[in-house]
Amino acid sequence: VNYASLVATNAARMRIAVGPDKTLLEMGLRRAQGPDGGLSASRYAHVGGFDATSNVLAGQLFGIKVSGTHAHAFVQSFSGLEDLPTRNIKR
């Protein structure tokens, strides 16, 4: 209960601080203490008011919207700019 309360309370404080019109994303899986800790943190952050998680498993298990950046492995698969299919960024 202590960990759940800690994460949910901090998430609720962040929600109050930014207000209801901002989107809050939880992306702490890489820093979590093991897979169970990451899964739990995603769930408790959602309970506390976060809108989405980068944790795909948490999204599947708990019905949390999944969102995030991109796979770092994809970026690391290129050795230089010449390997990119296009060098233009669409805006």
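Which residues in H2 are buried?

1. In this predicted model, the buried residues of H2 are Gly37, Gly38, Leu39, Ala41, Ser42 and Ala45. The elements that cover these buried residues include H1, strand E1 (25-26), E2 and helix H3 (56-62).

2. Helix H2 is made up of 14 residues, and its span from first C-alpha to last is 20 Å, close to the 20 Å expected at 1.5 Å a residue. Just after H2 comes glycine 49, for which the model gives a positive phi of about 125°.

3. Asparagine 55 lies in the loop between E2 and H3, and it counts as buried because its relative accessibility is 5%, where the cut-off is under 20%. Its side chain reaches two backbone nitrogens, that of leucine 57 at 3.2 Å and that of alanine 58 at 3.1 Å. Leaving aside residues up to four places away in sequence, asparagine 55 touches Leu29, Gly38, Leu39, Ser42 and Val66; of these, Gly38, Leu39 and Ser42 are among the buried residues of H2.

4. The count of salt bridges comes to one: aspartate 51 pairs with arginine 15, and the closest N and O atoms are 2.7 Å apart. This pair links distant parts of the chain, with aspartate 51 in the loop between helix H2 (34-47) and strand E2 (52-53) and arginine 15 in helix H1 (residues 2-18), 36 residues apart. Aspartate 51 is partly exposed, at a relative accessible area of 32%, whereas arginine 15 counts as buried at 15% relative accessibility.

Note on methods. Residues numbered from 1 in each chain as written. Predicted model: local features only at pLDDT ≥ 70, side-chain atom pairs only at ≥ 80, totals over all residues. Heavy atoms only, no water. Salt bridge = Lys/Arg side-chain N within 4 Å of Asp/Glu carboxyl O. Helix = DSSP H or I, 4+ residues; strand = E, 2+ residues; numbered from the N terminus. Buried < 20%, exposed > 50% of the residue type's maximum accessible area, 1.4 Å probe, protein only. Expected span 1.5 Å × (residues − 1). Contact = heavy atoms within 4.5 Å. Polar contact = N/O pair within 3.5 Å; in protein donor to acceptor, adjacent residues only side chain to side chain.
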